[in-house]
Structure formats: C-alpha cells, structure tokens
Amino acid sequence: MLRKLYFRLSPGGRRVARRIYYLPKDIICRLFLKTDNLVPPKGMTFVGSGNFALIGDKFFKHILDTTNINSNEKILDIGCGIGRIARPFAGFLSSEGLYQGFDIIDYGINWCKRNYKRYPNFVFDLFPLKNDLYNLSTGAKAEEFEFPYEQNKFGLAILISVFTHMQKEEVENYLRQISRVLKPGGYCYASFFLLNSGDKSDFFCYDYGEYHLHDLKVKNANVAYDTDFITNTAKKSGLLLQNRFEGWWRTGYRQDSVDFQDIMIFKKE
Ligand SMILES: C[S@@+](CC[C@H](N)C(=O)[O-])C[C@H]1O[C@@H](n2cnc3c(N)ncnc32)[C@H](O)[C@@H]1O
C-alpha cells in the first residue's frame with residue numbers, strides 16, 4: 001500500500017519526501033558520526049533500501065569472484081545511480097583502470113562528480129532519457145539510445161537493479177549496446193527479476209509473457225522478465241550466459257542468495 005502511494009508521487013516528489021523523512025537522521029550523522037565521503041546522506045539515496053556501503057561491497061566481492069577482471073580493467077556501470085557500486089571500485093582500480101558510470105538523472109551524477117574529484121579515472125556521464133519511475137523531464141527514448149563509447153572498449157559492464165526498471169524494447173537495445181562496447185571475452189554482470197514460463201507472481205501480477213509488470217500506471221516501477229527471453233535476447237546480441245544466481249525475492253530465504261534480485265553473468269563471444 002505504502003509502496004503504491006510512493007509510486008504515485010512524481011520522481012521529484014519522491015526525492016523531496018525522502019530528503020525530509022531522513023533529514024533528522026542525516027543531520028545527526030553529519031554532526032556526530034565519522035562519515036565515509038563516498039556514502040551519500042540517507043535522504044539522497046534513491047537506489048533502494050538497506051546499507052549503502054554493505055550492499056555495494058557485497059556486489060563488488062561477488063563481481064570479483066565471478067569474473068576474472070583485474071585492477072587495470074575498464075568498467076562501465078550502467079545506471080550508476082549515486083555511486084553505490086563505484087565506491088568499492090575506488091579502492092581497487094589502478095591508475096591504468098577506468099570506471100565509467102552513466103545514468104539518466106542528474107541528481108546522483110552531480111553528487112558523484114563532486115565527491116569523486118580525488119579519483120581522476122572515475123568518470124560520470126549524464127544521458128537524460130525517459131523512464132516513468134525516474135525521469136519524466138524528457139521524451140528521449142532508451143530503446144533508441146546509442147551508447148557514446150567506442151566498440152570493444154570495456155572489460156566489464158555492470159547493471160545492478162537497472163533492467164528491473166526497463167521496458168522490453170529498452171532491454172533489447174541495451175543488450176545490443178553492451179555487446180558492442182564490450183571487448184571479446186568481456187563480462188556483463190546484471191541483476192533481474194526472472195520468472196520461468198508458466199510462473200505466477202502476486203507481485204508481478206500483469207503478465208505479458210516475455211515480461212511481467214507490477215504497476216500499470218508506472219510501468220518502469222518494477223519489471224520481471226522471462227528467463228528464456230533474456231537468455232535468448234542476450235545470445236542474439238553476442239552475449240552468452242555463463243552463470244546465474246537466484247535472488248531471495250521469490251522465496252524470502254536470504255541465506256543462500258547474493259542479493260534480493262537474480263543475477264546473470266554473460267560473456268561476449
Ligand atoms: C535502483 S537504481 C540502482 C542504481 C545503481 N545501479 C545501484 O545499484 O546503486 C536504478 C538506476 O537505474 C537508472 N536508470 C533507469 N533507466 C535507465 C536507463 N535507461 N539507462 C541508464 N540508467 C537508467 C535510474 O536512474 C537509477 O539510478
């Protein structure tokens with residue numbers, strides 16, 4: 001119920017509500033606690049609940065465990081938000097390495113630009129594109145967006161909780177773009193809500209076969225995909241599924257899962 005109400009606010013309205021709700025806590029933290037410069041105030045953290053630093057660290061460790069990237073790698077963080085995944089990479093990448101993050105809203109990108117000044121090989125790009133959860137200020141379409149990066153540039157593309165907010169045609173385009181900018185043998189590490197054909201979900205109650213929506217009024221709010229649809233679409237783009245980890249969103253059992261969402265790791269042929 002609260003979630004539905006929250007989604008009914010405009011993206012700007014949600015931002016203001018969050019800022020006001022967490023303001024007392026943020027003021028106390030700022031005045032009395034030693035804070036990590038790469039962790040934004042809670043009221044600015046629009047990328048999901050939970051501990052910002054712990055979640056970023058956990059993904060970082062899993063990425064290192066499941067891909068063979070090294071500290072000289074060039075990494076593309078798609079939908080980088082407010083730097084949750086950038087932060088652990090700041091202590092890892094050498095001066096030869098590159099972290100390139102992009103997002104469709106200025107809020108997190110501006111914060112990252114201000115707070116990563118000490119890291120010259122960390123670059124944050126803003127590409128304003130329409131998303132009915134995050135950005136209504138433009139009509140520019142993600143399904144037509146061509147990543148402005150040269151082909152075969154990156155060794156790893158990361159999308160944490162981004163495909164879960166994208167429509168089918170957008171996902172298809174992004175998988176093509178990712179394949180183009182990854183070098184052969186490069187990895188794509190991405191989280192999803194995955195359903196198998198015939199699965200029913202109370203949360204994703206609007207079933208369109210290849211995808212399932214949670215909310216018809218805010219379609220990008222939460223999107224689940226059919227596992228075969230993602231695997232086949234990625235394959236058509238030249239990205240082969242290497243590994244899959246189930247999230248705990250379906251069962252509620254956290255113990256065996258890396259994250260709430262499912263994770264897929266692809267490798268460019
Ligand atoms: C739940 S947040 C996750 C942010 C970040 N990946 C993290 O794990 O902290 C989803 C992010 O995806 C971004 N996003 C949504 N549609 C996008 C698109 N078409 N291209 C790039 N980013 C997008 C949103 O602006 C938002 O920052």
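Two residues are in contact if their C-beta atoms, placed from the backbone, lie within 7 Å. This is a predicted model: local features need pLDDT of at least 70, side-chain atom pairs count only at pLDDT 80 or more, and totals for chains, interfaces and linings use all residues. Residues are numbered from 1 along each chain as its sequence is written.

The C-alpha trace spans about 50 × 50 × 40 Å along its principal axes.

Now select 168-181, helix H6. Its 14 residues reach 20 Å from first C-alpha to last, close to the expected 20 Å (1.5 Å times one less than the number of residues). Colour its buried residues, among them Val171, Leu175 and Ile178; buried takes 20 or more other C-beta atoms within 10 Å of a residue's own, with C-beta atoms placed from the backbone. What do the buried residues of H6 pack against? Show strands E1 (74-78), E4 (154-159), E5 (182-192), E10 (239-245) and E11 (262-268), plus helix H7 (227-236).

Next, click Ala157. Beyond neighbours within four places in sequence, Ala157 touches Leu76, Ile78, Ile178, Leu182 and Cys188 by the contact rule. Along with Ile158 and Cys188, Ala157 has the most contacts inside the largest nonpolar core, which has 60 residues (buried Ala, Val, Leu, Ile, Met, Phe, Trp, Tyr and Cys joined through C-beta atoms within 7 Å). E5 gives this core the most, six residues.

Terms used:
Helices (H or I, at least four residues) and strands (E, at least two) are DSSP runs, numbered from the N terminus. A residue is buried if 20 or more other C-beta atoms lie within 10 Å of its own, exposed if 12 or fewer, and partly exposed in between; C-beta atoms are placed from the backbone.
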